[in-house]
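Student: I've got a model open and would like to talk through its helices and rings. Can you take me through it?

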Amino acid sequence: MGVWQLLGVAAVMLMGLCGVLVPGVPGPAIVWAAVAWWALADTTGLAWGVLAGATGVLLLSQALKALLPPRRFKEAGVARRSVLTAGIAAVAGFFLLPVVGGIVGFVGGLYGAERLRLGSHGDGWASARTVLRAGGYSVMAELFACLLVVGAWAGAMIWG
């Protein structure tokens, strides 16, 4: 697989990660399609193993998503900027502190955005908990699964 195709796969994965944060866009399906594109072009055992693992992780996240509360951000009065900030912080946290940093980044980014918006620690934390109950757990689980898949792909590219 050439450099331009790998950059294309990475761009599609980035679009999938962004799609998790945008309502109505099937982010996990886009991330999976990027891994499938890579595995079909690079037909090694490692590529097929990453595709199988990605399929399992993303299917598990979809099953878990059904158990979590649905996304009702508008009804709860959640600012879209807060969720986007949390998503960006989760992506950064995932790569700064591998694996666990995604969750820490999401919650920390959400709290930080809400504290800036509302002005105090107590109000910011209460609002962050409300956002998590209004669907933030669902977004966090879906984003974390997609980040695991992207991390596995990046690891296969670097060390495979």
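Student: Okay, in which helix is Glu114 found?

Tutor: Quick ground rules: this is a predicted model, where local features need pLDDT of at least 70, side-chain atom pairs count only at pLDDT 80 or more, and totals for chains, interfaces and linings use all residues. Residues are numbered from 1 along each chain as its sequence is written, and side-chain values use heavy atoms, leaving out hydrogens and water. Helices here are DSSP runs (H or I, at least four residues), numbered from the N terminus. On that basis, Glu114 is found in helix α6.

Student: Does Glu114 count as buried or exposed?

Tutor: Buried means under 20% relative accessible area, exposed over 50% and partly exposed in between, with a 1.4 Å probe and protein chains only. Glu114 touches Ser82, Gly119, Gly124, Ser127 and Ala128, leaving aside residues up to four places away in sequence, where contact means heavy atoms within 4.5 Å. Its relative accessibility is 0%, so Glu114 counts as buried.

Student: At what angle do α5 and α6 pack?

Tutor: Axes are lines fitted to C-alpha atoms, for helices over the stretch in contact, and angles run from 0 to 180 degrees between N-to-C directions. Residues 80–96 make up α5, and its axis lies 7 Å from that of α6. Among the contact residues are Ser82 and Phe94 of α5, and Glu114 and Arg117 of α6. The packing angle is about 145°.

Student: Why is the pair of Phe94 and Phe95 edge-to-face?

Tutor: Rings of Phe, Tyr and Trp (its six-membered ring) pair if their centres lie within 6.5 Å; planes under 30 degrees apart are stacked, over 60 edge-to-face, and the rest tilted. By this rule there are two aromatic pairs. For Phe94 and Phe95, the centres are 5.3 Å apart and the planes sit at 90°, so the pair is edge-to-face.

Student: And how many residues apart in sequence are the parts tied together by Tyr111 and Trp125?

Tutor: Tyr111 and Trp125 are also edge-to-face, at 5.8 Å centre to centre and 70° between the planes. Tyr111 lies in α6 (residues 100–118) and Trp125 in α7 (residues 121–159), so the pair ties together parts that are apart in sequence by 14 residues.

Student: Which of α2's residues are buried?

Tutor: α2 covers residues 27–41. Its buried residues pack against α1 (3–21), α3 (45–67) and α7. They are Gly27, Pro28, Val31, Ala34, Val35, Ala36, Trp38 and Ala39.

Definitions and conventions:
Helices (H or I, at least four residues) and strands (E, at least two) are DSSP runs, numbered from the N terminus. The expected span of a helix is 1.5 Å times one less than its number of residues.
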